[in-house]
Amino acid sequence: MQRRPIILLPETLRNQIAAGEVVERPASVLKELVENSLDAGAARIDVTLEGGGVTRLVVQDDGAGIPAGELELAVTRHATSKLSTAADLFRVSSYGFRGEALPSIASVAHLTLTSRFHEAEEAHRLEVEFGTLVEQGPAALATGTRVEMRRLFAATPARLKFLKSEATEAKRCQETLMRMSLARPDVAFSLTLGGREVFRLPGGQDLRARLAQFWPPAVTTDLVEISRTHTHPDGGDMTVTGLAGRPSRAQNRPDRLLFYVNGRPVQDKLIMRAVRDAYKGRLLSGEYPQAALFLSLPPEEVDVNVHPAKLEVRFREEGAIIALVRHALASVAAEDAVADPVQGYGHGYGQGPGDEGLASAHGGPYGGVSSGVSSGRQAGAWSQGEKPGLWRAAQEFRSPPAERHVPLPLSPGQSGPSDHSNGGSFAPPLPDAGHRAGPLFAASDPATLSQGGLEYLGQIAGTYLVLRQGAGGDEGRLVLVDQHAAHERVILENMRRARTGGDSQPLAVPLELALHSSEAERAQEMWQGLRDAGFQLELSAEGKGGGRLFVRGVPPSLPTGRATEFLREMLSDRSAGLETLWILLSCKSAIKAGTELARDEALALLEAWLATADRDHCPHGRPIAVSWGAQDLERIFKRK
Ligand code: ADP
Ligand code: MG
């Protein structure tokens, strides 16, 4: 084979190779340029894109600017104003430090850099075409820096091929700018896409206000502020601050989990793991909470140098980071938990600070049996805002049982005294009606059910129906049925059957909901599904893409009082499809945990549940019934 001699690569080629790492797509260019603007102390940053950012991408700021004499250096490789010694590298506090972004971009596109240094009389500009300096001279610019990139990858068609559609690239740019803007709610940002203004964010906001520009109010108003500091023995605090969602608000996509390390958006598995740990036992698999978490660490604790685009970071003390994030989230994550002693024994609720008292029981006898005592998540809807932990359990055991009997609407078609006729009889129970000790067994005589050799004994904790299976002898089993889960299953099957019926319960007084632009968009996407489910809706547009939703009719199974709650949840979940709609609807229609059932009601529910095709699991995948046989009970009582 013929060998070619070793040579030093020409500067342009070197930059193009470096660009392969830094400049992957328009969104990576945007990220680098916005970082430069932030490093320059900008208070406002305006971004304009055309053709998904490939044709043209402009970032203009009001930062400190670049002196005319340094413009050429700015587009030279390894030239930076942010580092000068190796020691600096381990104390990086600016976004940039490699001095690679501008030369890399300039090597694969047409770059025009215009800047007016804050102490200078006039602005200067410089133009580089695919690595070659083509023009330089005075220019007009009132303040700051304007970087315009055009025709990305036009000279390297192979790389152009890797880009996705214009719409996809634009979406990524939008996502990138959104993420960065959340780290700096003090800075004003705007994004214009193909001549259309996508967003305009005022400066001087706080995190919640900034998030409210992107997430619907149903999500943002409910976020809980978190803040926790870990003081390192060698000095140098690690802090995590931000906003986090309650478990009951979980959604089935992780797209509202945003992590930042020292102001940099990161996609970090370690932080993700810590978040999962914190919410463990509160979420189903496939469910994710919302959170925007900001870690701030001494620069020497974190290496942002791992990845050129700096999406990944490396922590010096991973364990400390995990513990810090977990503890910071513990109280939010625990908020919906039902902390009564029985559940406490059965489940590993050892995450929250208030739960230490139960810790000794975790390895206890019940541990081996519980295949799934209800996780208490559905109870969360009414327990929000109460204090977590043992304190609440104690309170609950003191409060008197409430005198409430709620008739059960078993199917959408089945009308009776139950439904809406008595003015929303099925309204959610009063908060204090939930979860109390109550009489252990409400029903006096056992009642035999028509299938499964089951006998109903009574209700416990206002939530579980107690049954005996296979009455006497060795074969008997103790069965607990979660009433909410069972009812959800019944309603879902009924609705599935009647799905196209489109029955609707007209409302005398229409409900009215003001919609955020993201909710209005969802409403339009889900329109047909909502109508099929029995909603009669009207949407009137309002400024900025928002709207007003009038609800003139609701599905017959859905208590009027819960229609708003259902719609808010449905419309705030961007990922929900039609199936989710039916599941959520059955959840909202179903009797809640903590509702006392009369014997007849419990029997009716159990019969309806036994008639369903999939009676083991509720639509969310939670178990509906758990049971213990003689051997399980022997283990619990340590007889064996
Ligand atoms: P780095 O950010 O790693 O230093 P860049 O190639 O991104 O490298 O930028 C090179 C230099 O150009 C920066 O160090 C900075 O001094 C200057 N610069 C770039 N963009 C701006 C801007 N928007 N405002 C002021 N100075 C800038
Ligand atoms: Mg930079």
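**Notes on the cores and the ligand 1 site**

1. In this predicted model, the largest nonpolar core has 59 residues, and Val 23, Val 34, Ile 45, Val 47 and Leu 152 have the most contacts inside it. By nonpolar core I mean buried Ala, Val, Leu, Ile, Met, Phe, Trp, Tyr and Cys residues joined through side-chain atoms within 4.5 Å, with buried meaning under 20% relative accessible area (1.4 Å probe, protein chains only). Helix α7 (residues 166-183) gives this core its largest share, 7 residues; helices are DSSP runs of H or I, at least four residues, numbered from the N terminus.

2. Have a look at Val 34: leaving aside residues up to four places away in sequence, Val 34 touches Ile 45, Val 47, Val 59, Leu 177, Met 180 and Phe 189 (heavy atoms within 4.5 Å). Another core, of 34 residues, lies apart from the largest one and includes Val 224, Ile 271, Ala 274 and Leu 324.

3. Now the ligand. Ligand 1 is surrounded by 20 residues (a heavy atom within 4 Å), and the closest are Asn 36, Thr 80, Ser 81, Lys 82 and Gly 99. The shell's largest share, 3 residues, comes from α5.

4. Oxygen atoms of ligand 1 lie 2.8 Å from a polar side-chain atom of Asn 36 and 2.9 Å from a polar backbone atom of Leu 102.

5. On conventions: residues are numbered from 1 along each chain as its sequence is written, and chains are lettered from A and ligands numbered from 1 in the order written. Local features need pLDDT of at least 70 and side-chain atom pairs pLDDT 80 or more, while totals for chains, interfaces and linings use all residues, and side-chain values use heavy atoms, without hydrogens and water.

Technical notes: Buried < 20%, exposed > 50% of the residue type's maximum accessible area, 1.4 Å probe, protein only. Helix = DSSP H or I, 4+ residues; strand = E, 2+ residues; numbered from the N terminus. Polar contact = N/O pair within 3.5 Å; in protein donor to acceptor, adjacent residues only side chain to side chain.
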